[in-house]
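Student: Can we go through this one together? Please start with the terms.

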Amino acid sequence: MDGLKRRAAGVMVKWLALALLSALVAATANAQTLRSNLRDDVPNVDPAAFNGVVGNRLLALVYEGLTAFAADGGVAPALATHWETPDQGRTWRFHLRPGVRFHSGRPLTTADVEATFRAVLKARRLSLSAPFLDKLVGRDDFVSGRSDRLSGFVTVDSLTFDLRFTAQVATFPFYPFFIFDSGAPAQWGADWHGKHSGGTGPFRLASWRRGQEARLEANPDYWGPRPAIDVLRLLAVPSVETALAMFEAGELDFVTVSEPAHRLVASNPRYRGLLQVTPRKQMRFIGMNSALYPPFADPRVRKAVSLAIDRRAVIDGVYGGLAVMEPGYGAGSLAPDTAAGEFPVIAHEYDPAAAQRLLAEAGYPGGHGLPPVEMTVLDSLRTEASYYAAQMSAVLGMSIKLRVLDRAGMNSAANAGTLPLFAAGWTADFPEPLTYLEALWHSASPFNQIRWRDPAYDALVDEARQSVDDTRRRALYRQAEQRLSVAGAAAMLPTPMNILLRHDNAKSVLITPFGHLAFAPRRAAGKP
Amino acid sequence: MTGLATLLLRRLLAAVFVCVSAAALLFLAFSVTPGDPVSAIYGFAAAGQGLPQPVWGPDAALIPLDDRAAQIIAAWRAGAFGRSFRVDDAAVIDIVTEALPATLFLAAAALTLATPLGVGLGAAAAMTGAGGRRIWVTLVFTICLSLPAVALTAGLAYWLAASWRLLPTAGWEDGWSAVMPVIVLAAPAVGHIGRMTCALASDIMPLAHVRTARAKGLPHWRVAWFHVLRNIAAPLASFVGAVFSGILGGTLLVETLFAIPGLGHETVTATLARDFPVALGGMLALIGVNVAVGTITDMMAAALDPRGGGAGDWRPAGEM
């Protein structure tokens, strides 16, 4: 009898094991894995360091900030549920979301936020978030080594902290950060980020092979809505043509399409129905540096350049219709939907007759008297820039020589301010008009590539930066944008849209206006 | 010292000279290339940050151009060839050694495919003599030489991957990932080797010993192998070494097209990113491989030369 019982038990154990195994296999088989491309090599995955545009979008799936970009513009609560300022932006108090855990299982506390800020400021490689902490009290002493603590970061309790600034910083809640697990370096060493996942995001970094693949797995303990997929494999595919070929072969489930392929994708009937497009939060313009080319000092010449460009032709001819011409200088595009209507429509018109008239009024009828000028552009904008140069020659009689540089050469020349005429762009770092209005046109901004100088404009932007009142701040933005328009600061250009090609199994994936991948509905602004 | 040993010594000395010259030329080229490493890495975010430009060594400090040579030599003496500007804390030697195997595999596989194919077709064309079959073979060689790698890649990807789903389009997952890149690399090599074989063999065909062998009724393959190819093996071996350099150069494009993490792609990426240490290290590694293969094939040519010694005018075996 005992032997029979033992045999029966043995059989039951075997059947149970088989059932469990089948369930595991079924679960694994049902686990959805999506594959997509990374269009550039990601040199590192350190959340405190500079990762590049592509790296930034990868890490945005693994790490989160205090706030997140809301779908309707503005910011929504993320790791912070709410925040307030008792003194018009000189101090900000943040309340962290309770119950959030890092991928390691450790709970999120204020110590992690402080550790992140310290790492950002001391990163060997410049962090895009470092400038956001420029006005934090104690920042200079900490960076220089005179102090080993950030005196402006004040811990109230494990989920509450204050940030004290040397001046009013009204827009601090809009700034993005990647908050990481402060216990990660101690547990895994200084280079933990390449081998371990230290974020709180909807995905954990399962593995990263530089130049080959990043594998992300859904975070089962995510505090928000879980993504609709289980595994995301991002394969390094530098050539967009190769990525499209892989998409056609079914080896990629969705593809981020870069600009050189926009027209190809738009014109291919096979892709109709597979596209997901969103307007990109980016401004593009033709920069005119009057210090290097004196005729550009006359606003009539600058406006003539702008009026000579048929933007509709560029949208249709170069981008196959997949580009947008934002009115104004971008302020309205970054205001929340409820406030975007406050911004007057400053259209960028095509009027060759008016352009020629303005040029003649400026003393250069038919372009006579205008010295030859070199227009510098990025190699990926060669086709588009050829059109601009041709238009300026045909409509205005300007003698323009086109110089094409690769990205490194272009960045270097633009940063040095040595370009008299060039086509450039600026991607929004956060959902506030200051990301354009201050970065591109404020005289103290190092990113002001045309060296635009307007003290009255600077005063408007300075006041906006310190205005906590949303209505007042938007009014200042409107005035600033109006000054740019009257002066014809730059010839604004169409911006290509963010495009995702998706197979049916990847319909749960979206690309946001900021270029991030989204797998769940975004939260509306203001709701914890 | 034997003839081969002398040849080897000469080749090694030449190799050192080539590598040093190449390094000097690359260093000068990087120095005049527009675009600084800091702007290349950080883009517009670098503006006004006052970031020091990285130099040829682990320390980030701005030094004048004429001191950079000393920095490079110091880095080489330290054995690390410096560190990457772009990939945080990565030693150049580690990046190069990690990426090199894929490139070597592709190049070796392409050469292994192209050599027998090119030699076989070339010999067959030569033995056929002027006529229809030779024209077709010549046409194949011309197509192999003329077809751009990008076009061939697109065609193979469309038919073998997207349409028939026989092979992966890109990536480096398993052995099947190498099939299309190897074909693309091998195609022009088939053309070069085939045409050279045909030309060399055509000079041999009219000779007395070949006519005698054919008159005796020997099979074509015996005539080809023992009486034709053996006599052109020496110059052909040298030529194959030269063809290898073309294959190796082709990896820069092919690895990018097929998303293969090889040294060619790594070098291109580093050059575009102004990551000079990695670009220099990668190019020197490729040059070193090329020189090594060239030396080996020259040694083989000397060994295959029926006159021995590896020097002097070449004449076919059997020719009086």
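Tutor: Buried means under 20% relative accessible area, exposed over 50%, and partly exposed in between, with a 1.4 Å probe and protein chains only. This is a predicted model, where local features need pLDDT of at least 70, side-chain atom pairs count only at pLDDT 80 or more, and totals for chains, interfaces and linings use all residues. Residues are numbered from 1 along each chain as its sequence is written, chains are lettered from A and ligands numbered from 1 in the order in which they are written, and side-chain values use heavy atoms, with hydrogens and water left out.

Student: What share of the residues of chain B count as buried?

Tutor: 46% of its 320 residues.

Student: And how many helices and strands are in chain B?

Tutor: Eleven helices and zero strands, taking DSSP runs of H or I with at least four residues as helices and of E with at least two as strands, numbered from the N terminus.

Student: At what angle do the axes of H4(B) and H7(B) cross?

Tutor: Roughly 35°, and the axes of H4 (residues 92-128) and H7 (residues 179-204) of chain B come within 6 Å. Axes are lines fitted to C-alpha atoms, for helices over the stretch in contact, with angles from 0 to 180 degrees between N-to-C directions.

Student: Switching to chain A, where is Ala261(A)?

Tutor: In the loop between strand S11 (254-257) and helix H7 (262-267) of chain A.

Student: Is Ala261(A) buried or exposed?

Tutor: Ala261(A) counts as buried because its relative accessibility is 2%. Its C-alpha atom is 9.9 Å from that of Val318(A), 57 residues apart along the chain.

Student: Back to chain B: where does Leu147(B) lie?

Tutor: In the loop between helix H5 (132-146) and helix H6 (149-163). Leu147(B) has 39% relative accessibility, so it counts as partly exposed.
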